Amino acid sequence: MNVGKSKRARVALSAFAIGALGAGVVVAAPWSTPSTTSEASIELVSTATCYDMVSIAIGGRGDTPREGVKWLTTPEGERLPAAMSGDYSSDWIDQAVRAPNNGNVVPDSYAAVYVEYPADLASYENAVQTGVTNSQTIMRTISASCPDTRFAIVGYSEGADVARRTAMEVGNQVVSADGTYGIVDPNQVVGVVIFADAGRVSGDGPFPGAENPFGNPDGFDTKYQNGNTAVPGQGALPGTSGGFGALDGRVASFCSDGDLTCALPENTSLIHLAANVGRQVNADALQNEQLTPATGADLALALGRIAVNAFNDIASQPNWMQSDETFLDVLIKVSEPGYKPGTVTTPVSAKVDGEQEPIETGQMIDLVYLPQKIFREITGFISSNQNTVPVIMNDPYGLTLGPGTGHHFDYWRDADAANGKPLTSVQYAAAWLTELAEEANRGEPVKTKEVQEKAGRAAVETIVAPVTTSAMATPKATTTAPVTTSPVVTPAAPAAPAPAAESPAPAPAPAPATETATTPECTVAVEGETPAEGAPPVCVTATETAVETATETVVPTTTEAVPAP
């Protein structure tokens with residue numbers, strides 16, 4: 001919505017299993033307990049108010065709206081699993097999602113809502129999937145009433161897993177025959193922020209899919225850091241990894257070196273197995289009660305189910321003894337909560353006497369393969385666990401979740417101006433969200449890759465358009481890219497002026513043969529190029545910056561849930 005425009009009706013993880021061999025590591029991002037309220041203060045809030053941009057905020061373990069807050073409702077009065085940020089506060093995410101309200105965004109143009117979901121470890125997978133479903137429900141409902149509203153998705157810790165999966169599903173949707181999407185149009189999601197991404201891929205920069213994956217998301221000119229060195233390691237739940245599809249370039253996935261939820265060293269297969277087991281048991285009960293008959297039975301049931309699936313998976317592959325897949329590989333594969341029997345086949349690569357010898361279905365496995373298989377099992381186990389013991393010996397719980405020192409909380413204190421990183425991860429996210437909200441408020445087109453590529457081509461074509469002085473030459477009109485309007489821009493907003501590179505002044509009429517072509521008054525600068533001597537002056541465009549250098553980093557002060565010894 002533009003100024004003056006009338007409003008419409010109103011990595012598991014922070015979670016867990018970074019200990020090995022079943023020892024759960026958990027973090028509690030505490031939730032703010034509201035004071036006792038009267039029935040009158042629990043009135044439902046309608047989502048009928050249309051905002052230019054809404055941030056979908058998902059907290060970590062325990063950090064979720066509870067009964068007693070004002071809930072959002074549909075226009076028909078149906079309760080939604082979310083509360084406005086003014087009715088629920090998060091010590092962790094507020095600093096990012098509330099920042100646009102402190103910027104230049106017009107009041108009532110921007111809002112943040114907190115998603116309600118279990119946010120516990122009683123059943124990690126169920127909690128995360130509920131968070132994904134609720135996030136999509138909120139976005140779908142708001143979009144149905146306010147089709148021009150744009151969204152950002154922001155998650156931390158256990159909520160980071162929710163945010164990743166939600167964004168992946170939105171970005172990888174297939175448009176239906178009637179041109180609609182099952183959740184929302186991916187172009188309505190202008191930014192995704194993930195703190196402690198358990199699905200992070202080794203080698204990934206903080207902005208996956210962006211033109212500069214180590215510097216900044218597409219469309220935001222402020223750099224996050226200098227250099228292009230990736231944080232070592234990968235997410236502790238690699239089974240949740242995947243691309244963001246149409247949202248590539250609009251994602252910020254922050255990971256601190258030492259936070260084992262997103263920077264777990266490679267070759268730690270046993271820890272990955274422990275994390276997967278933890279996703280299938282009541283880790284809250286294990287943490288609080290230790291090993292009791294009830295928690296022991298729960299753990300045994302999960303382990304037994306994984307073992308049965310492993311043997312069934314092997315039995316379904318008649319040539320498994322010839323393959324390079326180890327029993328540990330199978331255990332990790334079938335321990336994924338989403339594992340479906342019969343969907344993965346094992347490549348055959350082992351050879352005997354230099355020749356491939358496939359085994360027919362129903363034929364007894366030839367013992368000639370057994371020595372090679374045992375050798376591969378031993379070498380595979382060792383090579384895939386080279387870093388398991390060092391991680392265990394290095395106090396993984398303290399390294400990641402230690403009070404005051406754990407790297408899982410670095411995102412509020414990781415600025416390093418001396419080394420080219422002036423803002424903390426949370427401050428950077430706040431600045432980016434602020435700019436996205438201001439763009440939505442001004443009615444500017446969504447910065448999709450297509451829009452940026454057209455703008456880039458137009459800028460280059462403006463610069464390289466031939467300017468001749470030959471008496472026989474005919475001036476060539478500058479090629480321009482058509483001005484595009486995003487389908488999510490509020491209709492009532494006046495069309496935003498296109499960048500100078502996209503809308504140059506109309507080319508002059510061809511000059512007479514005896515006249516020389518007119519030299520443009522200025523040119524558009526291209527980053528990294530030095531104007532040639534005698535070239536026209538560079539055009540200067542006034543821009544606004546959403547970033548102000550932070551003088552102090554505020555780190556949330558709260559209490560962590562620490563497993564009893």
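## Two disulfides

A disulfide is a pair of cysteine sulfur atoms within 2.5 Å, and by this rule the count comes to two disulfides. The structure is a predicted model, in which local features need pLDDT of at least 70 and side-chain atom pairs count only at pLDDT 80 or more, while totals for chains, interfaces and linings use all residues. Residues are numbered from 1 along each chain as its sequence is written, and side-chain values use heavy atoms, with hydrogens and water left out.

One of the disulfides joins Cys-50 and Cys-146, whose sulfur atoms lie 1.9 Å apart, and this link is left-handed, with -80° about the S-S bond. The pair links distant parts of the chain, 96 residues apart, since Cys-50 sits in the loop between β1 (45-46) and β2 (53-58), and Cys-146 in the loop between α2 (124-145) and β6 (150-156). Here helices (H or I, at least four residues) and strands (E, at least two) are DSSP runs, numbered from the N terminus. Cys-50 has a relative accessible area of 9% and is therefore buried, a term that means under 20% relative accessible area, with exposed meaning over 50% and partly exposed in between (1.4 Å probe, protein chains only). Cys-146, at 0% relative accessibility, likewise counts as buried.

The sulfur atoms of Cys-255 and Cys-262 are 2.1 Å apart, and these residues also form a disulfide. The torsion about the S-S bond of Cys-255 and Cys-262 is about 95°, so this disulfide is right-handed. Both Cys-255 and Cys-262 are buried.

## Salt bridges

Side chains of opposite charge can pair when their charged atoms come close. A salt bridge is counted where a side-chain nitrogen of Lys or Arg is within 4 Å of a carboxyl oxygen of Asp or Glu, and a search of the whole structure finds 15 salt bridges. Among them is the one in which the side chains of Asp-94 and Arg-98 meet at 3.6 Å, N to O. Asp-94 counts as buried at 12% relative accessibility, whereas Arg-98, at 28%, counts as partly exposed.

Another salt bridge is formed by Asp-324 and Arg-376, with the closest N and O atoms 3.7 Å apart. This pair links distant parts of the chain, for Asp-324 is in the loop between α6 (293-315) and α7 (327-334), and Arg-376, 52 residues apart from it, is in helix α8 (residues 370-383). Asp-324 counts as partly exposed, with a relative accessibility of 46%, while Arg-376 counts as buried at 14%.

The side chains of Arg-413 and Asp-410 also meet in a salt bridge, at 3.1 Å from N to O. In this pair Arg-413 is partly exposed, at 29% relative accessibility, and Asp-410 is buried, at 12%. Elsewhere, salt bridges that share partners join Glu-125, Asp-161, Arg-165, Arg-279 and Glu-336 into one network.

Six strands form an open sheet with mixed pairing, in the order β4-β5-β2-β6-β7-β8, where two strands pair if DSSP finds at least two bridges between them. The edge strands, β4 (82-84) and β8 (251-254), each pair on one side only. On average, neighbouring strands of this sheet are turned by 20° against each other, direction ignored; axes are lines fitted to C-alpha atoms, for helices over the stretch in contact, and angles run from 0 to 180 degrees between N-to-C directions.

Within this sheet, β2 and strand β5 (residues 110-115) pair in the parallel sense over five bridges, and Val-54 stands opposite Ala-111 in β5. Helix α3 lies across β2, β6 and β7 (189-195), running at about 145° to β6, where contact means heavy atoms within 4.5 Å.

Ser-157 is found in the loop between β6 and α3 (158-171), and it is buried, with a relative accessible area of 1%. The side chains of Ser-157 and His-408 are joined by a polar contact of 2.8 Å. A polar contact is a pair of N or O atoms within 3.5 Å; within protein, one must be able to donate a hydrogen and the other to accept it, and residues adjacent in sequence count only if both atoms are side-chain atoms.

Phe-220 lies in the loop between β7 and β8, and this residue is buried, with a relative accessible area of 2%. Although Phe-220 and Lys-447 are 227 residues apart in sequence, they are 9.4 Å apart in space, C-alpha to C-alpha.
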